[in-house]
Amino acid sequence: MVKARKYVVKRHFEGVPKRDDFEIVEFELPSLRNGEILVKTEWVSVDPYQRAYNRRYPTPYDQFGFLVGVVEDTKNPKYSVGTRVVTHKGWCDYSIVNPNESSTMSNIVYKLPDLKGQSPIHGLSSVGMVGVTAYFGLLEICQPKAGETVVVTGAAGAVGSLVGQIAKIKGCRVIGFAGSDDKVNWLQNTLGFDKAYNYKTANINETLKIAAPNGVDCYFDNVGGEISSIIMSHMNNFGRVSVCGSISAYNDDVSQLPRVPLLQFDITMKQLKVEGFLVHRWLTRWSEAFVDLSKWLLEGKLKTNEHITEGFDKIYDAFIGMLAGENTGKAVVKI
């Protein structure tokens, strides 16, 4: 029998998640049944949606999330020992999954895409859920055209940094907003954003008058709040807005969320398309995105930065740090 550990959420979060909202539980895994595989976790992902989805589930629940692991035992002929896989089993060091039952986001299991010698960590970033979020959220909803101006908030985060680079690959002019001067420098000097600004110190309205004198065509919104209202006021007719998240308010009291300026006038008069999305909408097409994303990664057109925390006991710290914006690029934990 294999002894395993997992994080269990004991209560719904109030504001910033607290350490005692979680409990690390040790337990013994059962013997494998036909079709199942035993996975030893190598890398765990911490992501904003793990905060946003907290109240969707009755407590207690096992903390969900993506992981990359290696098959240590198998009763599935398609998954031999040593195969690397990606699953959504969450914050655990060992787990049992059945790839034959993989049909939804919650029980998804697939072999790590062929990364041609690149680190498996990319299975949680550019060639994983984060990558397909950027890929489909930008290309399917915004449908950017060469020469158009794309604005990204949360631009130095896992998704935003990829969105900006994909927009550049498609021939767009890209403006990013991030939360520190170091992140701004990374966006401009490493990732090739045309312009990047620290939203904490910049006057967003005046900045866009200079950076986007001909208006904004596409806006990829990761944060919500007042900054989104200002950006949308600078959009051109028939602009497209892809709403990926609202991390600026994830830890706020849902009964006292901040108010933002009225948006309907700009949406109506400029005939904007504003569409929210969840990435599992395209679950059956993820492999399609992986082809392009892995190709761009290997060609050097996609650059990533992983903010790595080490140790199973440090997953909570990595999670809180990510929510506070301490990461540049993808936040992951090495188990």
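**Domains**

I started with the distance between the two domains: the C-alpha centres of domain 1 and domain 2 sit 29 Å apart. I'm working on a predicted model here. For the bounds I took the domain assignment of the chain, which puts 2–125 + 305–334 in domain 1 and 129–277 in domain 2.

Next I looked up who touches whom. I get 18 residues of domain 1 in contact with 12 residues of domain 2. The area buried between domain 1 and domain 2 comes to about 1,200 Å², and carbon and sulfur atoms carry 62% of it. On the domain 1 side I noted Arg51, Ser125 and Thr328, which supply 29% of the area that domain 1 buries against domain 2, more than any other three residues.

Then I went through the polar side. How many salt bridges cross the interface of domain 1 and domain 2? I have 0 salt bridges by the rule. For polar contacts between domain 1 and domain 2, I have 4 residue pairs, both residues at pLDDT 80 or more. I also checked which element gives the largest share of the side of domain 1 that touches domain 2, and that is helix α1 (residues 49–52), with 3 residues.

**The parallel sheet**

I moved on to the open sheet of 6 strands, with parallel pairing, and wrote its order down as β11-β10-β9-β12-β13-β14. Which strands stand at the edges? I find β11 (195–198) and β14 (273–276) there; each has a single partner strand, so one side of each is left without a neighbour in the sheet. Averaged over this sheet, neighbouring strands are turned by 15° against each other, direction ignored.

At the β11 end I counted 4 bridges to strand β10 (residues 173–178), with the two strands running parallel.

I then looked at helix α3 (residues 158–169). It lies across β9 (149–153), β10 and β12 (216–221), and it runs at about 170° to β9.

**Antiparallel strands**

My next stop was the open sheet of 3 strands, β2-β1-β4 in order, with antiparallel pairing. I have β2 (22–29) and β4 (61–62) as its edge strands, each pairing on one side only. Strand β1 (residues 2–9) meets β4 over 2 bridges in the antiparallel sense, and I find Tyr61 of β4 as the bridge partner of Val9.

I followed β5 as well. Strand β3 (residues 37–45) is joined to strand β5 (residues 67–74) by 7 bridges, and the two run antiparallel. β5 also pairs with strand β6 (residues 84–87), antiparallel, over 4 bridges. Which residue of β5 is the bridge partner of Trp43? I get Val68, and Val68 also stands opposite Val86 in β6.

I finished with the backbone. I found a cis peptide bond between Thr59 and Pro60, with omega at about -5°. Pro60 has its place in the loop between α1 and β4. I also flagged Lys116, a residue other than glycine with a positive phi, near 50°. I located Lys116 in the loop between β8 (109–111) and α2 (129–142).

Terms used. Residues numbered from 1 in each chain as written. Predicted model: local features only at pLDDT ≥ 70, side-chain atom pairs only at ≥ 80, totals over all residues. Heavy atoms only, no water. Pairing = 2+ DSSP bridges. Axes fitted to C-alpha atoms, helices over the stretch in contact; angles between N-to-C directions. Contact = heavy atoms within 4.5 Å. Domains from an automatic or database assignment. Buried area = accessible area lost by both parts, 1.4 Å probe. Salt bridge = Lys/Arg side-chain N within 4 Å of Asp/Glu carboxyl O. Polar contact = N/O pair within 3.5 Å; in protein donor to acceptor, adjacent residues only side chain to side chain.
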